[in-house]
Amino acid sequence: MKNALVNLEGITKSFDGQMILDDLNLYIKENEFLTLLGPSGCGKTTTLRILGGFEKPDKGHVIFEGQDITNLPPNKRNLNTVFQKYALFTHMDIAENIAFGLKIKNKSKAYINDKIRYALKLVNLDGYEHRMPDSLSGGQQQRIAIARAIVNEPKLLLLDEPLGALDLKLRQDMQYELIRLKNELGITFIYVTHDQEEALTMSDTVVVMNQGYIQQIGTPENVYNEPENAFVADFIGDSNIIGATMIQDRLVEILGARFACVDEGFGENKPVDVVIRPEDVELVSPDEGVINGTVTHLIFKGVHYEMEVMANGFEWLVQSTRMQPVGTQVGIRVAPFNIQIMNKPESEDEEAVGVNE
Amino acid sequence: MNRKLLSAPYLFWSALFILVPLCMVFYYGLTDKTGAFTLENILAIATPEHSKALWEALKLAFVSTVICLLLAYPLAMILCGMNSHKDSFIVLIFILPMWMNFLLRTMAWQSLLEKTGVINGILGFLHLPSLNIINTPAAIVLGMVYNFLPFMVLPIYNVLVKIDKNIVNAARDLGANPFQTFLKILLPLSLPGIFSGITMVFVPALTTFVISRVLGGGKILLIGNIIEEEFTKTDNWNLGSGLSIVLMLFIIFNMVISAVTDKDGEVNAL
């Protein structure tokens, strides 16, 4: 990719003989909010640390604005990091924390004071200059950590699970805050998280990772609605993943019943996996359904009811605003475009193989 | 209530062996042989013999403390940088000598450093000039550094290991080179450990009489030696106590500084 801000080329990294990243290739466009999403140990944090300069890859190159920065120490890189537990300098007050990077660069006092005021305003903490970090709440400390990073005017801001230590309500507020910040600053964010909701809410691009490989790259809608494999489907949101047979183009046999779908080109009588999101399963009266079953569990979740329906030997997860009591006989129907067909992985290994490009 | 009861044996112990002796030192120090009140024992520090010994002790304790600090800080940093199982092995090697008796270790240095000792034997065998530091201040400083180094390393290690690695990373990320990171982040954050280490080395070094006697050959008298002689040889408990009180002032001064810098009490909870 030519006009990319960052290019990761063939990054390989192992610790103590354990492979963390294997030939990872990724480009990040200017002004993009890109999220690396995956379970712990998937290599997302290592990728971020390689970008920040805290780890060196065993193989591969980090290209930033067309320059190879693979061997550059962190202090020579024109990017900044917001760390997981804020990592504020506890022996300095808020103003000194924010000024740290600027003082190192020998900026003038007036410039630094202007920047401090601007940054505190940006994160809605005006007047906090002379407070100590310990006297701030977690959310406030995280804002200061962001302010401390952005006064240096980096082209790229790396965020390592910055909301992980905050409670749910605060986390949701900060998600909107981060989107606003990114738009106001007009810089590129690379965000690391294991929280799929965070990733879907904030990102322009989501990179789903597992076991050191990229599983899928796409927009939030893309990775949610059209997961490329069972891992992505399972990791992002709730889903029914069922083994099935592709009878022919646009017709799939699931649990012995034939469903119309919109996918083509999988061949005839080919075993596949299908993903059906729980909110896409329609419960109808038994004579209208493609498959019939019995409701076995019912939970009220607030926005919707969550039900489990035993039908043709599979426990279907169903989310609906209409409640069906346990024991009810129901029919199951799925709209053709809500059935997502995926190739079956031939082995465990293939499940984790890069599906990039 | 029950918890208070549990502390009774310790309270009894400390009353009997710390509080009572301390009161006795003050009683003897502030009275003469007839039991009448006097400041003479304390003012005796002004005599040339005593003030020279105090000055000498302060000087050697200071030099030892500085050397300990210079050796201990890098060592503590290395220990912090290691992963845990390697770490504990190095710590073990490091504290292994501490399990041996203090007197024994000091006497071992005596036989190592003697004119006809082990080190000179090896140097002579290699036709190298011999090392003549036994019975000099240098030998005493060596003994102090050897014996008290762990007391400097441990408090510094204790603060360094608690500093979040990402704080160091953040400084680097914001443009600081390794030296700036050390100066502006690591050093200020580890000050409580440094002050605690200084106290833990300076105080025993200032008051020692064993190291100076064994490695100084009785030629170099430190204030500790003078006080010891007043109690054991001259049998003048009043003078010995008076000089002890003077020495205590220096120790209290040092501990106050340490307490002020370590407000959280984290380090001294060691």
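**View 1. Strands β1 and β2 of chain A form an antiparallel pair.** Strand β1 (residues 4-15) of chain A is joined to strand β2 (residues 18-29) of chain A by eight bridges; strands pair if DSSP finds at least two bridges between them. Strands (E, at least two residues) and helices (H or I, at least four) are DSSP runs, numbered from the N terminus. Tyr27(A) in β2(A) stands opposite Asn7(A). Two residues lie between the strands of this hairpin, where Asp16(A) takes a positive phi near 50°. The model is predicted: local features need pLDDT of at least 70 and side-chain atom pairs count only at pLDDT 80 or more, while totals for chains, interfaces and linings use all residues. Residues are numbered from 1 along each chain as its sequence is written, and chains are lettered from A and ligands numbered from 1 in the order in which they are written.

**View 2. Chain A is divided into two stretches, domain 1 (4-225) and domain 2 (239-343).** The bounds come from an automatic or database domain assignment. Taken over C-alpha atoms, the centres of the two domains of chain A are separated by 40 Å.

**View 3. An open sheet of five strands in chain A has the order β15-β19-β16-β17-β18.** Its pairing is antiparallel. β15 (281-284) and β18 (314-320) of chain A each have a single partner strand, so one side of each is left without a neighbour in the sheet. From one strand to the next, the twist averages 45°. Seven bridges join β17 (residues 305-311) of chain A to β18(A). Among the residues here, Glu306(A) has Gln319(A) in β18(A) as its bridge partner.

**View 4. Helices α10 and α13 of chain B pack against each other.** The axes of α10 (residues 178-207) and α13 (residues 237-261) of chain B are 8 Å apart, at an angle of about 170°. Axes are lines fitted to C-alpha atoms, for helices over the stretch in contact, and angles run from 0 to 180 degrees between N-to-C directions. That angle makes α10(B) roughly antiparallel to α13(B), a term for angles over 145 degrees. Residues making the contact include Leu191(B) and Phe195(B) of α10(B) and Leu247(B) and Phe250(B) of α13(B); contact means C-beta atoms, placed from the backbone, within 7 Å.

**View 5. Chain A touches chain B.** Here 17 residues of chain A are in contact with 15 residues of chain B. β6 (79-82) and α2 (94-104) of chain A are the elements that give two or more residues to the chain A side. α2(A) gives the most, with three residues.

Methods
Two residues are in contact if their C-beta atoms, placed from the backbone, lie within 7 Å. Angles under 35 degrees count as roughly parallel, over 145 as roughly antiparallel, 65 to 115 as roughly perpendicular and the rest as oblique.
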